[in-house]
Amino acid sequence: MALPCYDLPSLTVLTALEVFEASARHLSLELAASELNVTSGDIARQIKVIEDELGVPLFVRPGTGVVLTSVGKDLYTELASIFSKASDVVTTIKRRGLSRTSRLLHRCVRVDLADSAHVALWGTVR
């Protein structure tokens with residue numbers, strides 16, 4: 001079965017999309033920078049990467065702060081949905097993994113206890 005091929009941008013643009021999502025969610029480059037532990041200059045450069053890739057502005061910068069353009073609003077809506085779904089999937093996988101790990105750990109403890117009991121019993125029989 002062949003997996004679908006997606007026309008995804010480079011990792012640089014994917015990173016920039018994460019930066020854009022945080023900037024759009026906060027409507028602030030400074031708050032996005034704080035959340036992502038980078039400078040607001042780094043955020044501005046990443047936003048420019050996306051705008052150059054798409055060929056349209058995503059924000060209007062009237063004085064202080066930023067405002068989403070209509071294209072920016074559309075992109076943010078889709079990215080927020082995608083990131084939310086991805087987060088849900090990752091959480092589910094982690095829960096399953098933790099569940100399996102705890103079951104495995106439980107089995108190992110039972111085996112260790114059984115081995116200890118066997119060793120203790122073996123010691124008393126001799």
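Biologist: How many aromatic pairs does the structure hold, and how is such a pair described?

Modeller: A pair of aromatic rings is characterised by the distance between the centres and the angle between the planes. This predicted model holds one aromatic pair. The partners are phenylalanine 20 and phenylalanine 59, with 5.4 Å centre to centre and 55 degrees between the planes. The geometry is classed as tilted, because an angle over 60 degrees would be needed for edge-to-face and one under 30 degrees for stacked.

Biologist: Which elements does the pair tie together?

Modeller: Phenylalanine 20 belongs to helix H1 (residues 11-26) and phenylalanine 59 to strand S1 (residues 59-60), so the contact links parts that are 39 residues apart in sequence.

Biologist: Are phenylalanine 20 and phenylalanine 59 buried or exposed?

Modeller: A residue counts as buried when its relative accessible area is under 20%. Phenylalanine 20 has a value of 0% and is therefore buried; phenylalanine 59, at 3%, is buried as well.

Biologist: Which residues of helix H2 are buried, and where do they lie around the axis?

Modeller: In H2 (residues 29-36), the buried residues are Leu29, Ala32 and Ala33. Their arc around the axis is only 100 degrees, which means that they lie on the same side of H2. The face turned away from that buried side carries Glu30 and Ser34, which are exposed.

Biologist: What is found at the start of H2 and just after H2?

Modeller: At the start of H2, serine 28 places a side-chain oxygen within 3.3 Å of the backbone nitrogen of glutamate 30. Just after H2, asparagine 37 adopts a positive phi of about 60 degrees.

How values were computed: Residues numbered from 1 in each chain as written. Predicted model: local features only at pLDDT ≥ 70, side-chain atom pairs only at ≥ 80, totals over all residues. Heavy atoms only, no water. Phe/Tyr/Trp six-rings, centres within 6.5 Å; stacked < 30°, edge-to-face > 60°. Helix = DSSP H or I, 4+ residues; strand = E, 2+ residues; numbered from the N terminus. Buried < 20%, exposed > 50% of the residue type's maximum accessible area, 1.4 Å probe, protein only. Arc of directions from axis to C-beta. Polar contact = N/O pair within 3.5 Å; in protein donor to acceptor, adjacent residues only side chain to side chain.
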